Amino acid sequence: MIPLVGVVSVRHWRHSRNFRLWIPLFLLWLLMLPFAVLALPVLFLVCLISRVNPFEAIATFWHIFAALKDTHIEVDNRNALVLIRIL
Amino acid sequence: MNEHRRQILEMLSAGKITADEAERLLAAVERETPAPSSGNGSQSPVSKAKYLRVLVDSENGGNPYHGPIKVNIRVPMQLLRAGVRLAGLIPPQAREHVNEAMRERGIPFDLSQIKPDNLQELVDQLNDLTIDVDVDNKGGFGQEKVKVRVFCE
């Protein structure tokens, strides 16, 4: 399952302000789909030149893309807490 | 109660380890202890870690520019599995360059020997990985302590 939503959350400790942004990644993927189709021949060409199996390359990148789900990055210091989650 | 478990609990009661560390150690002991057989010869499924965790805890003494920093990263193991497959995409010419460079630095390793099965085994073995790094520096702004923990859960 590909990641569908990204969450970026910033919390300022001093100003006690919260900022949370939900990014609907599924819309982003839909928008990028035409570009991906256009980029596909270029990718095939690059793979052929570098003697790499293009199908294997696509499969690998797809696996990496799909595995991004559930990634959680949190950085907290004296001023702010930044949280990035991919759901 | 087995000996390992008793030792961990004693270390916890003596304050040598934290509750979190004790929990992880107990989990590791449980993993090592073979599960009782059901008698039909079937093997119980191996508990696989789902995430690689990296925790960094920096206490920066009296530095006025940045205080204590805490970093908490959780990476799905699936991402690591997918990432290691990238080694298979290295073009043969580049692979030779890499092999040569590694040989020059005293690492006689052939990248072409990396097979998906080996990589899978390597990632699976990360389940038991725990790295603890403690740094205690005396800098210009006072004492700086950095604690890094890498483990799977």
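In the predicted model, Val29(B) is located in helix α2 of chain B, which spans residues 19-32. Val29(B) is classed as partly exposed because 15 other C-beta atoms lie within 10 Å, a count that falls between the limit of 12 or fewer for exposed residues and that of 20 or more for buried ones. When neighbours within four places in sequence are set aside, the contacts of Val29(B) are His4(B), Arg5(B) and Ile8(B). Of these contacts, His4(B) stands 25 residues from Val29(B) in sequence, while the C-alpha atoms of the two residues are 7.1 Å apart in space.

Contacts are also found between the two chains, where 20 residues of chain A meet 21 residues of chain B. On the side of chain A that touches chain B, two elements, α2 (54-67) and β3 (72-76), each contribute at least two residues. The most is given by α2(A), which supplies six residues to this side of chain A. In composition, the residues of chain A that touch chain B comprise seven nonpolar, six polar and seven charged.

Strand pairing also links the chains. Strand β3(A) is joined by five bridges to strand β2 of chain B, residues 69-76, and the two strands run antiparallel. Within this pairing, Ile73(A) has Ile73(B) of β2(B) as its bridge partner.

Definitions and conventions. Residues are numbered from 1 along each chain as its sequence is written. Chains are lettered from A and ligands numbered from 1 in the order in which they are written. This is a predicted model: local features need pLDDT of at least 70, side-chain atom pairs count only at pLDDT 80 or more; totals for chains, interfaces and linings use all residues. Two residues are in contact if their C-beta atoms, placed from the backbone, lie within 7 Å. Helices (H or I, at least four residues) and strands (E, at least two) are DSSP runs, numbered from the N terminus. Ala, Val, Leu, Ile, Met, Phe, Trp, Tyr, Cys and Pro count as nonpolar, Asp, Glu, Lys and Arg as charged, and the others, Gly among them, as polar. Two strands pair if DSSP finds at least two bridges between them.
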